[in-house]
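Have the model open while you read.

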Amino acid sequence: MENGYDFIIIGGGSAGSVVAARLTEDPNIQVLLLEAGGRDRHPFYHLPAGFAKMTKGIGSWGWHTVPQKHMNNRVFRYTQAKVIGGGSAINAQIYTRGNARDYDEWRQLGCEGWGFDDVLPYYRKAEDNDTYDNRYHGKGGPLGVSKPCAPLPICEAYFEAAAKLGIPRNEDVTGETQDGVAYYQLTQKNARRSSVAMAYLAPNRDRSNLHVRTGANVRRIVVEGGRATGVELVDGTRLSAGTEVILSSGSIGSPRLLQLSGIGPAAELRDLGIDVVLDRPSVGTNLQDHLDLYCICEVSGPHTYDRFAKPHLSVLAGLQYIFTRRGPVSSSLFETGGFWYADPEARSPDLQFHLGLGTGIESGVAAMPDGGVTLNSCYLRPRSRGTVRLRSSDPSDEPLIDPNYLQDPKDREMSIRGLRLTQEILAQEPLKPFIKAERLPGPDIKSDEAYFRFICEHSKTSHHPAGTCRMGIDDQAVVDPRLRFNGIENLRVVDASIMPNVISSNTNAAAIMIGEKASDMIRQDHGTTS
């Protein structure tokens, strides 16, 4: 084995990069960060509107779900980042945190130290917010968090339309209350994407104790005598960790690598010819994700950014960005949305909206030839639970990803309610000057069964998988509340897979928070300084 590292972190994404940067604040600690993907050199990783290219294959593993048996066997494209910076390098840059009650429920489940008051300081620590500095937000942290710099008039009309239905405007959905429609804050700084690679790693690249390897695909975690001692790469290279191996490969990648390492459901691993290191059936269970539905309208004029798909206008948009840092290139394209209720009795908002300033922005979503607008909705607290399992023992095979969408009847009911509400919002008077006609689902969809058939054909992942290495204090929990793996020493999991329940929003900011909090726990456990 190659020696000399105290910590090896597997995965340079939203949590792993944070841990690498924080641990190497102590010059006496040697950290190796391994990322299977490449560098973020392409400009699409840095231009906010580059998100439109991301779900179509750039910086992704190219994985898919298994046929969804509760959705007429639909197979979904399942974008998972494969680039330094992980999801923060390819997402729509939306900065949301969920609801305070999400974290308080984690604490009620036995995860002491994970209530909202416990995690809020880590959100504030990460932030360099260009708008707020108060109880809920901070300045001076690594992560750029900014208000949108390229909203369009149709966004204000959307707010007015929602108000007609009793949905209020909310200036800060990550502040005191989550309820209402809003401009989202974005992980941007100076009109550029603020990925963790740029915010946490790039400023510290000269640290002699921070070692970053891209294109480093890990075959397995090496476990000897019940403790993690290092990793083996697909090329056979072995690397040793004197203190800990920290797994941060995401809610799909982390359970996948554990199973490739012989840690998971023993019978299934033996059937694949994998030597069992530890029988842990709960690895890869409890998968939760938000199913995204959408309503698409054709617009009556050049009211969205679709018009800039034409080559000559794309050139003009690029020049505008270069000289002014404004215009379509500076837009995440989904910077407007909000939170409201499908179930009026819900303890907090259970729907999230994303207003897309165009159509066909994401892979598989229809585009309007003459321009349009998209309003997405997702039910935020799904009851359905899925799995991540191996297809084979070959690390190059994509895993069997089964979100098990709509397995629970309530998920189906609430999702349909959310879709109906998007149609109602888009039909309100303030939006009529902007909208020519609703094209999807369209006026002919009326019954719940017709809505269900539409959803089976026209929906996608919200890119929020969570829960597959669940944190808890029971025998089936994969990690304890300090994120230490149950049953193997010197192994920790640090990413969104540790969430007991998926939070009620986008998950990227939460993954960064998890990385910040885990860094402090690791230093406390090993008596290191910061």
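This is a predicted model: local features need pLDDT of at least 70, side-chain atom pairs count only at pLDDT 80 or more; totals for chains, interfaces and linings use all residues.

A cavity here is a set of points on a 1 Å grid, laid over the protein atoms alone, where a 1.4 Å probe fits but cannot get out; a pocket is an open set with protein on both sides within 12 Å along at least five of seven lines, and lining residues have an atom within 4 Å of a point. Grid points are joined across faces, edges and corners, and volume is the space filled by probe spheres set on them. Residues are numbered from 1 along each chain as its sequence is written, and side-chain values use heavy atoms, with hydrogens and water left out.

**Voids**

Searching the whole structure turns up six cavities of 30 Å³ or more.

| Void | Volume | Lining by class |
|---|---|---|
| Largest cavity | about 960 Å³ | 19 nonpolar, 25 polar, six charged residues |
| Second largest cavity | about 90 Å³ | six nonpolar, four polar, two charged residues |

The largest cavity, at about 960 Å³, is lined by 50 residues, and the closest to its centre are Thr79, Gln80, Ala81, Gly86 and Gly87. Elements giving two or more residues to that lining are β2 (31-35), α2, α7 (250-260) and α12 (508-526), with α7 giving the most, five residues. Helices (H or I, at least four residues) and strands (E, at least two) are DSSP runs, numbered from the N terminus.

**Packing**

The second largest cavity counts Leu291, Tyr379, Tyr405 and Leu406 among its lining residues. Leu291 also turns up in the largest nonpolar core, which has 79 residues; Leu291 is among those with the most contacts inside it, along with Met71, Tyr158, Phe353, Ile425 and Ile455. A nonpolar core is a set of buried Ala, Val, Leu, Ile, Met, Phe, Trp, Tyr and Cys residues joined through side-chain atoms within 4.5 Å; buried means under 20% relative accessible area, for a 1.4 Å probe and protein chains only. Beyond four places in sequence, the contacts of Leu291 (heavy atoms within 4.5 Å) include Met71, Phe76, Tyr379, Tyr405, Leu406 and Ile455. There's also a second, separate core of 78 residues, including Ala20, Tyr200, Leu257 and Met471.

Ile455 belongs to helix α11 (448-457), whose buried residues also include Tyr451, Phe452 and Phe454. Among the elements covering them are β18 (291-299), α10 (409-426), β24 (435-440) and β25 (459-461).

**Arginine 97**

Arg97 sits in the loop between β5 (94-95) and α3 (100-108). Is Arg97 buried or exposed? Buried, with a relative accessible area of 2%. Its side chain makes polar contacts with the side chains of Glu127 (2.7 Å) and His137 (3.4 Å). A polar contact is a pair of N or O atoms within 3.5 Å; within protein, one must be able to donate a hydrogen and the other to accept it, and residues adjacent in sequence count only if both atoms are side-chain atoms.

Definitions and conventions
Ala, Val, Leu, Ile, Met, Phe, Trp, Tyr, Cys and Pro count as nonpolar, Asp, Glu, Lys and Arg as charged, and the others, Gly among them, as polar. Buried means under 20% relative accessible area, exposed over 50%, partly exposed in between (1.4 Å probe, protein chains only).
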